[in-house]
Amino acid sequence: MFGAGGGTSAYSEVEDTDLVLLWGSNARETHPIYFHHVLTGLRRGAGMYVVDPRRTATARWARGHLALDVGTDIALAHGMGRAILDAGLENRAFIERATTGFDEYVRAVEPWTLEKTAEVTGVDADLIRETALAYARADRAQLCWTLGITEHHNAVDNVRALIDLALLTGHVGRWGSGLVPLRGQNNVQGGGDMGAIPNRLPGGYDVTDDGHRARFDAAWGSAIPPEKGLHLSQMFEAMERREIRAVYVVGENPAESEADVAHARALLGGLDHLVVQDIFRTATAEFADVVLPSCADWCEYEGTVTSSERRVQRVRKAIEPPGLARPDTEILCDLARRLGHDWGTPSPEEVWDELRSLSLDWHAGMSYARLEAEGGLQWPCPSLDHPGTPTMHTRLWERDPALRGTPAPFAPVVHAGPLDELSPEFPLRLTTVRRLDSYNSGVQTGGYTSPLRREEALCVDAADARALGVHDGERVRVVSRRGAVEAPVRVDAAARPGLAFITPHFSEQVDVNLITNEAWDPQSGTSEFKATAIRIEKLAVGARVPVAGA
Amino acid sequence: MTTVDLGTIRRLVSVTVDDVEHRAPEGATIMDVLDDAGADTPRLCQAPNLTPVNACRVCVVEVEGSRPLVPSCARKVEDGMVVRTDTERVAHSRKMVLELLASANDLSEAGDDVARWQIEYGADPERYGPPGPPAAAGERGNRHAGHHGIPDGETRATVAQPVTVDNDLYVRDYARCILCYKCVEACGTDAQNTFAIAVAGRGFDATISTEFAVPLPDSACVYCGNCIGVCPTGALKSVAEHERREAGTWDPEGETVTTTVCSFCGVGCSLELHVQDNTIVNVTSPSDHSVTHGHLCIKGRFGFQHVQNVASPGEH
């Protein structure tokens with residue numbers, strides 16, 4: 001944010017904050033060790049409000065739980081923004097000195113009265129106002145979010161609506177006040193930082209910036225295309241238009257993890273050539289022409305990963321890889337050699353030092369020796385004598401405009417509900433969630449036996465189960481506009497009338513992405529996993545209804 | 001405005017230990033001072049990432065002006081404090097704690113430090129006679145106060161009992177449990193805040209128990225294993241370690257420990273992979289790491305098996 005793709009705060013700041021606002025995050029289950037820091041903050045007297053459609057394990061710790069309807073986050077954020085403005089609690093000094101676009105923001109939130117916000121979001125108006133004023137009045141406040149904000153068709157707008165709240169109240173750039181996107185995967189931050197996103201060079205430089213691109217071209221003897229590349233969803237669209245005919249998949253399992261997965265599988269199966277490089281023979285590998293077995297780099301090779309607090313840490317080899325598995329960098333260098341480019345056989349540290357020589361602002365000061373001695377470092381760390389940066393954007397509080405730099409822009413984003421709309425035909429909202437003991441498509445966590453694990457089931461509210469005449473454990477047909485799956489029903493107190501949920505962890509039991517909506521955010525490419533319109537059909541006694549993909 | 005967290009500003013105080021003067025920051029414990037001075041102070045219930053609970057009393061010292069002995073792990077230093085560790089009273093008290101624990105508990109997996117302290121303080125549990133018969137499975141967890149006969153004096157009482165194996169991830173070997181409370185603290189307010197276990201019963205019948213002594217899968221346990229991480233005696237351990245020990249293939253001498261980062265969510269927990277024979281047998285986290293403070297979740301502590309299920313690739 002504000003030109004740097006990373007959270008603004010160190011984890012330990014939540015221990016020293018006065019208010020925690022967890023939005024679309026079930027951190028108790030999905031980021032359990034971050035939640036230890038939150039609990040320390042709560043024990044020291046911080047208050048917590050949780051925004052989540054479900055009554056999660058996290059929400060049980062909250063002073064207030066805002067159980068909004070799925071996909072109404074911008075409405076809620078704007079309603080809170082207007083409540084703060086109506087109470088005169090906006091941080092005028094900060095807004096005037098460090099932001100732009102305030103007037104447009106005021107106009108954007110103007111329609112969102114408490115009454116209208118309550119009507120659209122389903123959250124009690126008093127609770128909205130209480131949360132908004134608590135956030136605005138807190139000396140220090142942390143606003144954290146996860147996939148509940150980003151797995152929507154308007155993911156980036158959702159995030160910007162939350163950033164607006166921080167700008168409105170000045171809750172950014174100070175110890176204890178910040179914006180914390182809790183990343184879903186152990187190196188999703190590092191992957192982006194290394195340029196594995198379509199619009200950035202390693203170190204976060206804009207790929208369309210001629211000056212920075214020239215530095216990389218000079219170092220690499222290459223000519224990097226000056227346009228942004230395609231993100232995952234655009235790649236699948238290009239496959240559909242038959243513009244992409246060959247795909248090289250490294251450590252990703254789109255044949256299970258994509259929304260509307262039957263469609264994704266058809267596209268993968270129709271390619272001229274598919275290479276899969278992975279530690280497992282995944283569902284995606286079943287479509288591959290070539291499978292390149294790679295090491296589990298976190299325990300079978302050396303390197304770094306970067307966490308949600310921008311902390312770069314070393315991963316190290318503890319065990320020998322099985323069979324023919326090789327480190328990803330060795331596979332890539334060998335492939336380059338076959339293609340006529342000799343990249344040598346660089347050690348992991350040599351690869352890292354090359355990155356440091358180019359990522360001048362963020363990584364230049366992070367030698368392997370320092371990462372080892374200091375337990376990791378948080379970027380930006382531009383020189384060897386720089387201590388790293390736990391809190392970002394402190395510049396916004398500088399008195400001197402020159403030091404303050406570019407002001408942070410408000411974003412007058414517009415609320416737009418889920419694209420997969422509820423209708424008489426599809427009256428229930430299905431959202432996908434994660435459980436404490438499992439992870440994403442289950443490729444890794446399926447490897448161990450968890451006593452917490454139960455059969456995968458469609459979790460529904462007791463009232464919905466009664467209305468549908470289905471009992472706990474009964475198998476039903478779950479139908480969306482894309483397809484249908486069979487699943488047993490489980491009555492779960494975390495659901496509420498009209499809201500059902502299920503995990504993506506066990507596609508062999510319930511292939512839930514056959515029914516999710518692949519409509520994606522034009523800015524991030526993330527699909528609308530959190531909002532599927534469904535109906536639940538009873539199975540005819542003794543009959544087995546054919547199911548797509550089964 | 002740049003904010004840098006300096007913590008609380010603390011003055012230095014003067015403490016005399018065994019006639020030698022030390023300077024220590026206000027708020028430090030006597031144990032901190034002893035550790036800085038290089039003293040070998042025994043400890044069982046103390047851990048750097050837990051709040052002191054003063055349970056084991058093996059770290060006691062004399063403090064001038066204090067009638068009872070003082071647990072050094074918890075008592076904060078004060079300016080002018082005079083501490084003695086080299087007295088007969090301290091040595092005798094430490095010996096009795098070590099001796100009585102060893103008489104009732106199996107300390108064979110409590111580590112080299114405990115074995116050394118046993119010798120150093122002359123603990124001799126054998127002088128209480130041969131061990132009495134072990135309790136039946138589950139029996140100790142269901143005893144009630146007052147239901148005791150008078151011992152015959154021929155044998156010494158122990159907490160010996162079969163190992164409880166009621167789930168796939170960890171075992172509870174309460175014959176080794178010294179009631180140090182560390183697991184309760186880690187499950188409770190010091191880290192996990194799950195409160196699956198607590199001390200039940202009183203006196204010699206006290207045990208660590210789930211609510212109503214139900215099996216772990218029926219309890220509130222979320223299998224973070226943070227209780228294992230702090231257990232000092234091997235009473236709590238992974239099924240993997242338990243099975244290797246039972247099979248005689250446990251090889252601590254051949255073990256390597258490698259620090260890396262968890263492969264699951266984006267928090268970035270520091271992991272120590274304990275490897276024997278190219279197999280990960282245990283996962284811990286350094287207690288001084290700013291991200292974890294030594295504590296993990298179920299995925300971090302047990303979710304590594306996918307890298308060693310070589311026989312069935314692609315399955316899950």
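This is a predicted model: local features need pLDDT of at least 70, side-chain atom pairs count only at pLDDT 80 or more; totals for chains, interfaces and linings use all residues.

Q: What domains does the assignment give for chain A?
A: Chain A has domain 1 (11–181), domain 2 (188–378) and domain 3 (428–538). Taken over C-alpha atoms, the centres of domain 1 and domain 2 of chain A are separated by 33 Å.

Q: What makes helix 3 of chain A roughly parallel to helix 9 of chain A?
A: Helix 3 (residues 73–86) and helix 9 (residues 155–169) of chain A pack at an angle of about 15°, and their axes are 9 Å apart. Angles under 35 degrees count as roughly parallel. Therefore helix 3 of chain A is roughly parallel to helix 9 of chain A. The crossing of these two helices of chain A is left-handed.

Q: Which residues make the contact of helix 3 with helix 9 of chain A?
A: From helix 3 of chain A come A:D73, A:I74, A:A77, A:H78, A:M80, A:G81 and A:I84. Helix 9 of chain A brings A:D157, A:N158, A:A161, A:L162, A:D164, A:L165, A:L168 and A:T169. By class, this contact has eight nonpolar, four polar and three charged residues.

Q: Why is helix 3 of chain A called roughly perpendicular to helix 7 of chain A?
A: The axes of helix 3 and helix 7 (residues 125–137) of chain A cross at roughly 65° and come within 9 Å. The range that counts as roughly perpendicular is 65 to 115 degrees. So helix 3 of chain A is roughly perpendicular to helix 7 of chain A. Here the crossing is right-handed.

Q: Which residues of helix 3 and helix 7 of chain A meet?
A: A:L76, A:G79, A:M80, A:A83 and A:I84 of helix 3 meet A:I128, A:R129, A:T131, A:A132, A:L133 and A:A136 of helix 7. The classes in this contact of helix 3 with helix 7 of chain A are eight nonpolar, two polar and one charged.

Q: Why do strand 9 and strand 11 of chain A stand at the edges?
A: The open sheet has three strands in the order 9-10-11 (chain A), with parallel pairing. Strand 9 (246–250) and strand 11 (290–293) of chain A each have a single partner strand, so one side of each has no neighbour in the sheet. From one strand to the next, the twist averages 10°.

Q: How do you know that strand 10 and strand 11 of chain A pair?
A: Two strands pair if there are at least two bridges between them. Strand 10 (residues 273–278) and strand 11 of chain A have four bridges, in the parallel sense. As an example, A:D278 has A:P293 in strand 11 of chain A as its bridge partner.

Q: What makes strand 13 and strand 14 of chain A a pair?
A: Strand 13 (residues 311–315) and strand 14 of chain A are joined over two bridges, in the antiparallel sense, and at least two bridges is the requirement. A:R311 stands opposite A:Q378 in strand 14 of chain A. These strands belong to an open sheet of three strands in the order 12-13-14 (chain A). Strand 12 (303–306) and strand 14 (377–378) of chain A are at its edges, so each has one side without a neighbour in the sheet.

Q: How do you know that strand 1 and strand 2 of chain B pair?
A: Strand 1 (residues 12–17) and strand 2 (residues 20–25) of chain B run antiparallel and are joined by six bridges, where at least two are needed. In one of these, B:S14 has B:R23 as its bridge partner. The two strands of chain B form a hairpin with two residues between them, and B:D18 in the turn has a positive phi of about 50°.

Key. Residues are numbered from 1 along each chain as its sequence is written. Chains are lettered from A and ligands numbered from 1 in the order in which they are written. Domain bounds come from an automatic or database domain assignment. Axes are lines fitted to C-alpha atoms, for helices over the stretch in contact, and angles run from 0 to 180 degrees between N-to-C directions. Angles under 35 degrees count as roughly parallel, over 145 as roughly antiparallel, 65 to 115 as roughly perpendicular and the rest as oblique. A crossing is left-handed if the near helix is turned anticlockwise from the far one by less than a right angle, and right-handed if clockwise. Two residues are in contact if their C-beta atoms, placed from the backbone, lie within 7 Å. Ala, Val, Leu, Ile, Met, Phe, Trp, Tyr, Cys and Pro count as nonpolar, Asp, Glu, Lys and Arg as charged, and the others, Gly among them, as polar.
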